[in-house]
Amino acid sequence: QVQLVQSGGGLVQPGGSLRLSCAASGFTFSDYVMSWYRRAPGKERELVARSGLGFKNYTDSVRGRFTISRDNAKKTVYLQMNSLKPEDTAVYYCNGRGVNDYWGQGTQVTVSS
């Protein structure tokens, strides 16, 4: 059974940090490009960061503040978010894309004072 189980998230003040985790099972994790997306209220889903074999990409608005990493042995992908801003408030989803396309359940990140 394929699963992407997310953890982390919550409420943080502007300038704070959070780390999201996404634990995978049921597929060959190392063969998949793992990504983080987000959907803010009233906006389209947005690709935040991707990690594949030998590459990492970030959307411009998070570059230098967010870091995607993965541990293939633990089948887990992380998103370290620093210097958080109110505009980072969204539901964050992890995604695994390869032969198939898998999604985590989503986790709320709220940046507010």
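This talk covers the nonpolar core and the salt bridges of one predicted model.

On conventions, local features need pLDDT of at least 70, side-chain atom pairs count only at pLDDT 80 or more, and totals for chains, interfaces and linings use all residues. Residues are numbered from 1 along each chain as its sequence is written, and side-chain values use heavy atoms, leaving out hydrogens and water.

I start with the core. By nonpolar core I mean buried Ala, Val, Leu, Ile, Met, Phe, Trp, Tyr and Cys residues joined through side-chain atoms within 4.5 Å; buried is under 20% relative accessible area, exposed over 50%, partly exposed in between, with a 1.4 Å probe and protein chains only. The largest such core has 28 residues, and those touching the most other members include Leu-4, Trp-36 and Phe-66. Strand 3 (18-25) is among the elements giving two or more residues, and strand 3 contributes the most, with 4. Strands are DSSP runs of E, at least two residues, numbered from the N terminus.

Now the charges. A salt bridge here is a side-chain nitrogen of Lys or Arg within 4 Å of a carboxyl oxygen of Asp or Glu, and the whole structure has 5. Arg-38 pairs with Glu-46, closest N and O atoms 2.8 Å apart. Arg-38 is buried at 6% relative accessibility, while Glu-46 is partly exposed at 27%.

Arg-65 and Asp-88 also pair, again with closest N and O atoms 2.8 Å apart. Arg-65 lies in the loop between strand 6 (55-58) and strand 7 and Asp-88 in the loop between strand 8 and strand 9, so the bridge ties together parts 23 residues apart in sequence. Both residues are buried. Through shared partners, Arg-38, Glu-46, Arg-65 and Asp-88 form one network.
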